[in-house]
Amino acid sequence: MREKLMEARKCAEHAIGLRLPDSAARDVLMYAWRKLKVIEKPADYLPVLYENELRDFAMRLAINAIGGAVCV
């Protein structure tokens, strides 16, 4: 499972074009794990969900940065 999660992170970082800090990636992983339980999917779905949540996390950062720049 660890290798699949590392590969999911690598794919997400490649897609978004930047390397996320380990602390952020860890927080997103914990969020994905909690979400996995809520949506009642099997554990082998975690890498797929994790990759998607990493991309969503990066998108939220970009949106917030753009929104903050407009307000200044």
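The side chains of Arg19 and Asp22 meet in a salt bridge, with N and O 3.5 Å apart. A salt bridge here is a side-chain nitrogen of Lys or Arg within 4 Å of a carboxyl oxygen of Asp or Glu. This is a predicted model: local features need pLDDT of at least 70, side-chain atom pairs count only at pLDDT 80 or more, and totals for chains, interfaces and linings use all residues. Residues are numbered from 1 along each chain as its sequence is written, and side-chain values use heavy atoms, with hydrogens and water left out.

Asp22 has another partner. Its side chain also meets that of Arg9 in a salt bridge, at 2.9 Å from N to O. This pair links distant parts of the chain: Arg9 sits in helix α1, Asp22 in helix α2, 13 residues apart. Glu13 in turn forms a salt bridge with Arg19, the closest N and O atoms being 3.4 Å apart. Side chains of opposite charge can pair when their charged atoms come close.

Arg9 counts as buried, at 15% relative accessibility. Glu13 is buried too, at 12%. Asp22 is partly exposed, with a relative accessible area of 43%. Arg19 is exposed, at 56%.

Now the fold. The secondary structure comes to 3 helices and 0 strands, in the pattern α-α-α along the sequence. Helices (H or I, at least four residues) and strands (E, at least two) are DSSP runs, numbered from the N terminus. The C-alpha trace spans about 45 × 25 × 20 Å along its principal axes. Of the 72 residues, 26% count as buried.

Just after α1, Gly17 takes a positive phi of about 80°.

The largest nonpolar core has 13 residues, of which Leu5, Leu29, Ala32, Leu46, Tyr50 and Leu54 touch the most other members. Such a core is a set of buried Ala, Val, Leu, Ile, Met, Phe, Trp, Tyr and Cys residues joined through side-chain atoms within 4.5 Å. Helices α1 (2-16), α2 (22-39) and α3 (46-71) each supply at least two residues of this core. The largest share, 5 residues, comes from α2.

Tyr50 shows how the parts meet. Leaving aside neighbours within four places in sequence, Tyr50 is in contact with Leu5, Ala8, Arg9, Ala25, Val28, Leu29 and Ala32. Contact means heavy atoms within 4.5 Å.

Glu53 lies in helix α3. Glu53 is buried, with a relative accessible area of 3%. Not counting residues up to four places away in sequence, Glu53 touches Val28, Tyr31, Ala32 and Lys35.

Methods: Buried means under 20% relative accessible area, exposed over 50%, partly exposed in between (1.4 Å probe, protein chains only).
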